[in-house]
Amino acid sequence: MGTGGYITASRWKEGNRKAKELKPCVFEESLVAISETGQTIGTFSISVQMSSYSPEGWEEEDCYIVCAKSKGTIDGVPCTTSITGCITKTLETVEQHTKESVRFREHPVETRTHVVKRQGQLFVRKTIVERNEEIHIDTFSYKCANLHGLVSECANFLLLRMMARKQTVPQDAIFLSFDNNHHIWTSTYNALGFQKQQVGKEEVDVFVIERAVHSVDDIPLIWQYYFLSDGHLSRRVQVGSPAIMVILKMPILIDTDEPDPRPVFDKILLDWEEDPELYSQFLDRKEELQASHATYVRRHPELSALLADFLQLLLLRKPDDVVTFAAEFFAPFSAQRPPCRSFQSSDKPSPFRSLSSQQK
């Protein structure tokens, strides 16, 4: 099956690469199953935990372990379904185990399905067990290159939580998914808007998402999920099922830690002469420099003779540019000046004068 028709879903999944979008989705929750007569007939729980996996011998990467389990009684027959999967940050399924059991009194039946990704292939093994004996096994595989946009059942719970937190569903959200027989087909997501729901003694706003899983040989399976603002599931309805899943009391909502905005400080005009502390620092520094200069002069008596020669030559020459004249006079005494011969040509250009001024 090609992937040309699933661009929107693929882009939506690729857009949620950042781990910070999945971090608030890591929590556990539980609901109860209520029959049409209002009796509690089972439980339903979902948990998401951080973990890591090693893809085919490479270094370990972060992943999410998603576990969902429902347990109840239908027409007096105990039924249990459990799904456990390893999901990457891009919502790709690395491995998934599904177990469905129906405990008839004389004839218990269990269906086990194992999905695993290896060497560019997605392998599926489906086993039917009756009275602890494997009576039927199906194995098949798909090329991962043809499965862009695949959302397994475990990945579905993460995707729903992200949509619920954003309180939006992408337009034309179409994904690849497994049908009841684990054949690749499509699933669609639609937003049904906001509704009011009574949870305990509170009436809360919930965001409703409808998911339809289409099948090759059967009618679509349709679920309606009702979410609180932080992604907690408050109600789940399977169209055509006599039971619904609900929460009995409000959970503690998850707050997303947002960084505080950077503080903005107004510029204050600083007058150091009027500030006592700054002016005191200025005077201390001034005295420190004066003492340092005085010490240097005492330790270098040749400095007085050099200054006397400079002033005498200055009075004799009376140059127009005193600064340049001083630079040329003191340059030979600089410690950073490279060594040179004692006698140099008098017409050598000075580095302190422009070329035009030396040609005059």
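Which strand gives the most to the lining of the largest pocket? In this predicted model, that element is strand E3, spanning residues 61-74, which contributes seven residues to the lining. The space within the largest pocket amounts to about 1,400 Å³. Its lining comprises 50 residues, of which Ser 70, Thr 81, Glu 100, Arg 236 and Gln 238 are the closest to the pocket centre. Classified by residue type, the lining contains 21 polar, 19 nonpolar and ten charged residues.

Ser 70, one of the residues closest to the centre of the largest pocket, is located in strand E3. The relative accessible area of Ser 70 is 19%, and this residue is classed as buried because the value falls under the 20% limit. When neighbours within four places in sequence are set aside, the contacts of Ser 70 are Thr 43, Phe 44, Cys 79, Thr 80 and Thr 81.

Aromatic pairing was examined across the whole structure, and nine pairs were found. One of them joins Phe 140 and Tyr 142 in an edge-to-face arrangement, with 5.9 Å between the ring centres and 80° between the planes. Tyr 142 is buried, at a relative accessible area of 19%, whereas Phe 140 is partly exposed, at 23%.

Another pair, formed by Phe 310 and Phe 330, is tilted, with a centre-to-centre distance of 5.0 Å and an angle of 45° between the planes. Phe 310 belongs to helix H5 (residues 302-317) and Phe 330 to helix H6 (residues 322-330), so the pair ties together parts that lie 20 residues apart in sequence. Phe 310 counts as buried, with 10% relative accessibility, while Phe 330, at 29%, counts as partly exposed. Both residues are members of one aromatic cluster, which also includes Phe 325 and Phe 329.

Terms used
Residues are numbered from 1 along each chain as its sequence is written. This is a predicted model: local features need pLDDT of at least 70, side-chain atom pairs count only at pLDDT 80 or more; totals for chains, interfaces and linings use all residues. Side-chain values use heavy atoms; hydrogens and water are left out. On a 1 Å grid over the protein atoms alone, a cavity is a set of points where a 1.4 Å probe fits but cannot get out, and a pocket is an open set with protein on both sides within 12 Å along at least five of seven lines; lining residues have an atom within 4 Å of a point. Grid points are joined across faces, edges and corners, and a volume is the space filled by probe spheres set on the points. Helices (H or I, at least four residues) and strands (E, at least two) are DSSP runs, numbered from the N terminus. Ala, Val, Leu, Ile, Met, Phe, Trp, Tyr, Cys and Pro count as nonpolar, Asp, Glu, Lys and Arg as charged, and the others, Gly among them, as polar. Rings of Phe, Tyr and Trp (its six-membered ring) pair if their centres lie within 6.5 Å; planes under 30 degrees apart count as stacked, over 60 as edge-to-face and the rest as tilted. Buried means under 20% relative accessible area, exposed over 50%, partly exposed in between (1.4 Å probe, protein chains only). Contact means heavy atoms within 4.5 Å.
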